[in-house]
Every structure is written in C-alpha cells, then in structure tokens.
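Thank you all for coming; I would like to walk through one structure this morning, going from a cavity to the cores and then to the aromatic rings. Please have the sequence and the model open as I speak.

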Amino acid sequence: MPVPPTGTAMPEIQLKDVEMRYPTGNTEVLALHQVSMDIAKGEFVSLLGPSGCGKTTLLRLMADLLEPTTGSITVAGESARAARLARKYGIVFQSPVLYDWRKVRHNVALPLEMMNVPKKEREERAMALLELVGLQRFADKYPWQLSGGMQQRAAIARALAMEPEILLMDEPFSALDEFSRERLNEELLSIWSKVQNTIVFVTHSIPESIFLSDRVFVLSPHPGRLSAVVDIPLPRPRTPEMRNSPLFFELIARIRDSFEGV
C-alpha cells in the first residue's frame, strides 16, 4: 500500500490553493475554493462529494483540460500542461466513448494508432491489455455487443494503452447496477495491482470510495472545498467480505460526519 507523501518526498500530484471560477454573464460562479492536496506516486485516491461539488472540475484541472483561476497544479514537479503533453495521463470518463464501428481491439489500439505505432506492435499491445481486463475473448466484437460493464473495461484498457503514469477516472461505474459496480471495483483493483500507476477516482459513493482507496478526499457541497482527508486502513488485497466488516461501517460513518453542511 503506497505511503502518503510526507516531509520532503515529492508527491506525484500536488495542488496548492486551487480555485475555479466560471463567468456567468456579469458575475462569476465559484466552483472550487482553495483546494490543496498531495497525492503520492502509486497511490489510489478518491475524490468524494455530492453532485455539483466540483469533483469532475477538479479532475479536469489535474488533466489540464481546464486551467485554474488561481493556484497551481504540478505533476512530478512539472506543470499539468507539461504532464499532458508528455502523455502521463490516461482518462476514463463516465461514458465509455467507444466507436461502434470499430472492433473492441481496434478501439483499444486507437491511441497507439494515432501515435503512428507500427501495426504489429499496437495489435500485440491491444491484445495484452484486453487480456489484462479479461476481454480477450471479445476482441473482435463491436462495443454494442458488450454489456455496459464490459464497455467500461474496454475503456480502461484503451486508457492504459500509452502506459500512463496516472489514471484519472470520472465516475466510470455510476451508470451500472450495484452488482456490476461492485464486481468492477474488484476487477479495477486487480488491474491496478498489476499496472501500479497512480489513480485518481471520482465518485459520489461512500462505500465505493472506501473499498477502492488508500485515502479519500472529501469535498464539501458547492462551492467545493476540501472538507476532510480520510485514511483507509483496510488491508490489501481488498475482498468482498470487507464491505461487511465493522471497520468498513466505521469508515462510512466517519466520512459522513466529515461533510460540511450535510
């Protein structure tokens, strides 16, 4: 289990006093207020909070898809822009965003194709990734022939195609039923244990954040502020039985109590 950054250890991702304001006519809307956090290399953290608290905005700021109004974001000592240009990120969105006319293996290989990776190499890499996410038997299917959970596993494989140091995930399982969601939580942890990259996972589910994470960053209702940082001392590997443990329910209560204004 990764150790949260302390002392002089350089965090993988560092946010300092980040604010985000959106112009609306003659006024501005404050979406995020003075958010600061350090995330260690190889750590699995969740951004947790109610709808509208700025979780997705915060993830997009880390990915350099948005620029903060004030404050700074660094990735391994570089700017978020430099990290994006160096392809240090892989992103998994709430919707899988797969191309229906491309077979699953061709969807996974798309980032490599765009980078002009030789055909043989990208096909081998795509098949290895599909095996990693348990979809090798579905390589020649089309996305519309897969279940929602399988589509998200294909999207995860595609996000890993460029071997990113950081995987940013924006509520990837929120549209799934509870049984599929819990199963994919377990599969994601299995994938992470093999890839060992840093994961930032956005969710509004307290149990999901606890089951997955080393630490949970709790955001307050709008405007989003960092309300609490909760360490998750559950041992790894995580097992389904842990969801019924006294410690798990204690952590749920602790996180609920940490919300400001809820």
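Let me begin with a definition: helices (H or I, at least four residues) and strands (E, at least two) are DSSP runs, numbered from the N terminus. What you see is a predicted model, in which local features need pLDDT of at least 70 and side-chain atom pairs count only at pLDDT 80 or more, while totals for chains, interfaces and linings use all residues. Residues are numbered from 1 along each chain as its sequence is written, and side-chain values use heavy atoms, with hydrogens and water left out.

First, the cavity. By a cavity I mean a set of points, on a 1 Å grid over the protein atoms alone, where a 1.4 Å probe fits but cannot get out, and its lining residues have an atom within 4 Å of a point. Grid points are joined across faces, edges and corners, and the volume is the space filled by probe spheres set on the points. The structure holds one cavity of 30 Å³ or more, and about 50 Å³ of space lies in the largest cavity. Which elements each supply at least two residues of its lining? They are helix 1 (55–62) and strand 7 (166–170), and the largest share, three residues, comes from helix 1. The whole lining consists of Thr56, Leu59, Arg60, Ala63, Leu65, Ile91, Phe93, Leu168 and Asp170.

Next, the cores. A nonpolar core is a set of buried Ala, Val, Leu, Ile, Met, Phe, Trp, Tyr and Cys residues joined through side-chain atoms within 4.5 Å, where buried means under 20% relative accessible area, exposed over 50%, and partly exposed in between, using a 1.4 Å probe and protein chains only. The largest such core has 51 residues, and Leu188, Ile210 and Ile255 are those with the most contacts inside it. Helix 5 (residues 148–159) gives the largest share of this core, six residues. A second, separate core of 28 residues includes Leu15, Val45, Ala83 and Val200. If contact is taken as heavy atoms within 4.5 Å, then leucine 188, leaving aside its neighbours within four places in sequence, is in contact with Phe44, Ile156, Met169, Phe173, Ile199, Phe201 and Leu212.

Turning to helix 3 (residues 104–114), its buried residues are Val104, Asn107, Val108, Ala109, Leu110 and Leu112, and what covers them includes helix 4 (119–132) and helix 5. Alanine 161, placed in the loop between helix 5 and strand 7, is buried, with a relative accessible area of 3%. Alanine 161 and leucine 112 are 49 residues apart in sequence, yet 6.8 Å apart in space, C-alpha to C-alpha.

Finally, the aromatic rings. Rings of Phe, Tyr and Trp (its six-membered ring) pair if their centres lie within 6.5 Å, with planes under 30 degrees apart counted as stacked, over 60 as edge-to-face and the rest as tilted. The structure holds six aromatic pairs. In one of them, the rings of tyrosine 99 and tryptophan 101 have centres 4.9 Å apart and planes at 50 degrees, so this pair is tilted. Tryptophan 101 counts as exposed at 64% relative accessibility, whereas tyrosine 99 is partly exposed at 35%. Tyrosine 142 and tryptophan 144, by contrast, form a stacked pair, 6.4 Å centre to centre with 10 degrees between the planes.

Definitions and conventions
On a 1 Å grid over the protein atoms alone, a cavity is a set of points where a 1.4 Å probe fits but cannot get out, and a pocket is an open set with protein on both sides within 12 Å along at least five of seven lines; lining residues have an atom within 4 Å of a point.
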